[in-house]
Structures are given as structure tokens and as C-alpha cells.
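Dear colleague,

Please find the structure below. My notes on the chains and their contacts follow.

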Amino acid sequence: MTDIREVSVDELRHLVSDRAMSGETMLLNMGPQHPSTHGVLRLLLELDGEVVVNVIPDIGFLHTGVEKTAESKNYQQAEVMTDRLDYLNPMGNNLTYCLAVEKLTELDVPPRAQAIRVILAELQRISSHLLWLGTSALDLGAMSMFLYCFRERELVLNIFELVSGQRMMTTFIRPGGLWRDVPVEFEATVRDFLKAMPRRIKEYDDLLEKNEIFLDRTKGIGILTKEDCFQYGLSGPVIRGSGVAHDLRKKQPYSGYDLYDFDIPTHPEGDVYARYRVRVEEMTQSLRIIEQALNKLPYGPVRSNNRKYVPPPRSEIGVSMEALIHHFKLWTEGFTPPAGHVYVATESPRGELGVYMESDGTARPYRVHLVTPTFVNLQAVPVMSRKHYIADLIGIVGSIDIVLGDADR
Amino acid sequence: MGLEQKAGNMGIVTTSLEKAVNWSRTNAMWPMLFGLACCAIEMMSAQAADYDMSRFGMELMRASPRQSDLMIVAGRVSRKMAPVVRKLYDQMPAPKWVIAMGDCASCGGIFNNYAILQGVDEIVPVDVYVAGCPPRPEALIHGVLTLHEKVRKEKIKDWA
Amino acid sequence: MSEHLQNTITRIQARNHVEVEEFRGEYTVFVDPEKIQTFMLELRDQHDFNICMDVTAVDYYPQETPRFHVIYQLYSMQHNVRLQVRTRIDGNHPKLDTVQGIYASANWKEREVYDLFGIHFTGHPDLRRMVMPEDWVGQASILMKS
């Protein structure tokens, strides 16, 4: 065990106001182990009584070194780590990573694979929003929401388990398509989910919309203006809660999102309540996308036929010499994309998730950098929480849907 | 429970102190509300409606280490977090137990690099390791039940 | 290439001598490190690149002599286009002017680059380690290539 490092207030002089130096305001440490920081976020608070003067977030308690480790793995192996970054959005992370690899190698993805990717990514968005709804309502004192939301989240996880054999970290989306085709029960299971879900969403509305405490603790709290959003580069439900209709699924469609008809829910208030409404309405929109994708789910292969980058199906390996060689080469050496760099961004449940990938022509990525929404959105917490009570800080931090694995990488 | 038949109407049960203490310890083992990464989400699933850990009397998560007996290290522990985890462990009152939930907490998992502790047993003594990335909620419940079995076998002479 | 991006690049090139690179439909502009602040200000105010999505760096040791590239990902909400700005800086006491006064989002991103690459951003108000422990004593800058 290392010695405890003593920090004097002088080291923080540039971060806190002069009043803290004279002891007029109080410096309080919150986290990293605190039940409402959703993981391991540390906030250094400067308080004037109960009122927040300043918040200094400290992240990195879950720093995983993914970017460095990816440099020593080949492209297929590095994908496994992207699941565990934003652990509420593994499918979306896989999708972003695969889109980057596909852009680098100019791989085409068959339409069936694209449609299934969209279905899975939207299911993941619903499950992520459900978890957010459950936990942040729990933070604000609505205990039963947690139990209801997890009930529906299990339905989504069951679908993931059906298609991939894993509940959370699936690595189901691979460069060039999918790991394998979905089983026959997939469509019926998703349709059952689609049928059940709208009534459940109404249940959440009934539980929260008439809950005076919840409304009092969310309306008018943590207001963000449009200008702040642009300055801090915010994205996702946070920016849509401030009235900016910005959604990468619409603006820069990927994986065939332009084929589907959906709206971008926005609310102009910019407070915690607006962000909550945006997320709940997004779930309904996600259901719409899933239904459309399921209705016109095309038949065909789910993996690209480019054998330089995508392994052949199992059935070919037994009968074709070339297939065996390709398979062997791909799983021992990996593939070598041309040298260059790409930046691909998708709309994760929290905002813009970007992958900057640089290849030097070898089988291992030269640099993988992940631009993660939580990291960006967390920067706005001091702006949102100034002059609010410390109890409202819980709601504000919850409202940007922080996932610390996403922030620290 | 079958206890009534055994005890009859006398209202007295004879047992050894060891058994009585271990029984009470296993039946009121309060975990600390403390999640790190992906496994924390599965830990939450385990407490939610579908898996419902409270069936086994282990749902009462305490946010304060002073009130808890069991630390479930759910997720990867980074070098920055390690002193904090150790401090939390030191703050827990004895008797205390540790479950390393998931591959990252058990052995570093897929993250063999500069930032992640290669197993939380580098800093705290671990009683039960639960495998999986992340383990299913059933696996966590099994891990806690395994710990209960271990606690039931503890001897008075080892407590001192 | 979108019209706005085309116009931006022609106007930038008319005024400064910048290299422009294209790969897979993405445009990259190379800027001198001394000019980074004025250049970013110009992009923000005159060409509507109002969002800085990301600041990161890449280390090209040993194959290139100014070993670091600092990379800015800019996005224009109005025109829905992206532009990558790169600048080359030397590995010997690497330093660069901060752009956090122009884009507030660069504040933490620059701290992260400082933490993981050891690049000093002059004028940054709060240049502390971002993700590593403050008393970290291992290899000073983790993402450097040895």
C-alpha cells in the first residue's frame, strides 16, 4: 500500500474561488465510492452551505488502457475490448469500431447484416435508456422504477443471449458483417418485445409523470443553453434536451439508418426533465426503427465475401482449400488494411461515439482513439450545477447518463 | 423450517457456539454498494426483479463500508482505484469477506496492461472468485452461496 | 466533397500555405504549430466549424522527425461537415498553444493528451493529469511509442 499523498489547498488554488482559501466555502469530496455517481466518478465540490459554488470532476478511476493495448492486438482482437468500454452499449461500440475498420478497408456489408445491426443497436439503445431511467429515478427516490426497468432490460438481454450466447459482451458485430446469422426464433422474440414495450413505457410515464417529488427535482434543474452545448461539444440526449435536433443517425446516416423513418425528439428547456423526456421518447422511436427494420429484413448472407478481410463460412472450410488457407491466415496473422486514417462517428445512447483509427499497413492498428460521449458531456457538469443545491447535483450528474468506463477508457 | 419438530415445545435448541455464530453471519451478510465496471451492471441485475438476490438474504446493499460485511469487487480495478479499494476494505469492520466478481477482478481478464491491476488479490484477500466476463447473475448468486458454505466451516479457534 | 468544405479549403489555402490530404472522403489540413490558435479562430468564426469533437495525438517515432501529430476533429453543426486539422510538433520538449479558449471542449482533451503523450499546452489554465494517478511514476507518457 502506497503512502497517502497529502494535498494542500494551495495545489487547488487555480480551481477554487478565493472564498475557499479563507474557509468561507467548504471543499467536500464526493466519490469515487458513492452510490449516486454511477461508478467511480470523483467530484470535488466547493460548497457555500448547501449551494454548489463549483464542481471539479476527477475521472480516470476506471482507466483501462484500451488505446495502448489495441496497438498490440490485431484488428479482430482489438474489437473485443470495445465492448467493455461503454458497458451499457456494447453493440453500438462494436458497430462503431467495425464501421471504422470497414471504412479503412472499403469493405461492403450485405444488406441483411446492416438491418440486423440496426435492430441490435436500437435494442441496445433501449436497454441502455432503461438502465438509465431505472438508476437515475432511483437516485431521485423512485425505487420501484429500478425494478420495473430491469424487468424489461432482461427481455433485451435475453434477445442478445439468443443471438450470440452472451448477455452483455457479445462481440456479435464483426468487421464485414456479423459473427453469424440470427436464429429463426429471433424475429418472433423481437416482435414479442415490440408488442410488450409500448405499454411498459406508458407504465413508466404513469409512475414518474405524476410523481410530484420527481417533477420538483427535475424541472428547472441543471439548465444548459445551446451555446454551452456547442462550446463544450456536447451531443446525444443532452444536446437534444437543449433543443438542438442533432442526431448522427439522421445527419450522417450509417448502416442503413436512412432507410427508416423516425423522428428526433427534442425539448427546448435544457433541464434535467427535458433530458428525461428525450430519452423516454427516444425509446419509442427506437421501437419504430426496429419494427421497420424487421418488416423489411432482407434475406441473404450476413458477411462480406471479401476473403481478404472476412473469414469464410464454416461450411466452406471442409471442402475448399482456399477457404482453409484464408481462415488460417486471418486467424493467425490477421488482415492488413491500407495505410491511412479514418474517423467514424455514430450515435450512441449517450451521444457521439467516434473512433479515430490509423493504420500503417500492418496487421495491427497503429493508433486507435475513442472519442467517447461521457468524457465530453462530463465537462459540462460544473456549468450545469453551479448555484444549485447539492441534492440536485445527484439529478444533474445522473441526467447526462454517465458511464465511467466510457469516460476513462 | 423443521425446527419446531426438532425443538419440540421446550423452546430450547442446543447447538455449538460456532454453528450459531456462523449461521447468523451467513444470514445477514450485507454487501457493500460499490460497483466498478461492467460487472456492477450484472450485480444490479442480480438484485433486480428477475434474479432477486433477496431470496438468499443478501439484498441489503450498504453504501457505507462501516455497515457492510462483504465487498463484491465488481469490475476491473485500475491502478488509480487500487488505493481506494484497499481503503474501503480497511474501513470495513471484521469479520469481512471479499468476492472478486468477474475475470478482471480475478486475474486482470483481457486487460493485460499498465493500467489494470492483474487481479484484486494483489491488494485485498479474496475469498471467492467468480468467473465470467461478466458473470451471469446466477453465477454471482452461486459465488455468494459458496462464500456462505465457506463461512459455515469457520472455526472459533481461527477467529482470534 | 460538400460545397462548404470545398469553399473553406480554397479560402484557407488562399491565405495560408497548408497541405490538404484526402483519404476515404475525409479531409485533413496540416497547419504550422505556431499558427494553431489563429487558424482555429478563423475556422470557428469565419467557416462555422463551431464544435471541436476531439483533440488527440499520434506518435510517429522513429519514422518521422517531428514525431508528434496533434489532431483536432472539427465539426460544423450548420453545414454538417467534418474537418481534421493536424499539426506536427517536435519531440524535444513538445509544446503547443492551447485552443481551450476557442473551444471549451478542448480543455479536458488537452489534459488527456498532456497525460498520455507529455505534450505541454502553453496557456492551459489547468494542466494536470487526466486519467492516470497524479503520483504516477511509471513510463511518463503512456501512448508514446517507446
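How many residues does the contact take from chain B and from chain A? It takes 30 residues from chain B and 30 residues from chain A, where two residues are in contact if their C-beta atoms, placed from the backbone, lie within 7 Å. On the side of chain B that touches chain A, α3 (38-47) and α4 (82-91) of chain B each supply at least two residues. That side divides into 21 nonpolar, four polar and five charged residues. Here Ala, Val, Leu, Ile, Met, Phe, Trp, Tyr, Cys and Pro count as nonpolar, Asp, Glu, Lys and Arg as charged, and the others, Gly among them, as polar.

Please note that this is a predicted model, in which local features need pLDDT of at least 70 and side-chain atom pairs count only at pLDDT 80 or more, while totals for chains, interfaces and linings use all residues. Residues are numbered from 1 along each chain as its sequence is written, and chains are lettered from A and ligands numbered from 1 in the order in which they are written.

Chain A also meets chain C: 31 residues of chain A are in contact with 28 residues of chain C. Among the elements of chain A that each supply at least two residues to this side are β6 (340-348), β7 (351-359) and β8 (365-371). By class, the side of chain A that touches chain C has ten nonpolar, twelve polar and nine charged residues.

Chain C itself has three helices and seven strands; helices (H or I, at least four residues) and strands (E, at least two) are DSSP runs, numbered from the N terminus. From the N terminus on, their order is α-β-β-α-β-β-β-β-α-β. The C-alpha trace of chain C spans about 50 × 30 × 25 Å along its principal axes. Of the 146 residues in chain C, 44% are buried, that is, have 20 or more other C-beta atoms within 10 Å of their own C-beta atom, with C-beta atoms placed from the backbone.

Within chain A, the axes of helix α3 (residues 75-83) and helix α4 (residues 90-105) come within 8 Å and cross at roughly 150 degrees; axes are lines fitted to C-alpha atoms, for helices over the stretch in contact, and angles run from 0 to 180 degrees between N-to-C directions. α3(A) and α4(A) are therefore roughly antiparallel to each other (angles over 145 degrees). Residues of α3(A) in this contact include A:Tyr75 and A:Glu79, and those of α4(A) include A:Tyr97 and A:Val101.

With kind regards

Definitions and conventions
A residue is buried if 20 or more other C-beta atoms lie within 10 Å of its own, exposed if 12 or fewer, and partly exposed in between; C-beta atoms are placed from the backbone. Angles under 35 degrees count as roughly parallel, over 145 as roughly antiparallel, 65 to 115 as roughly perpendicular and the rest as oblique.
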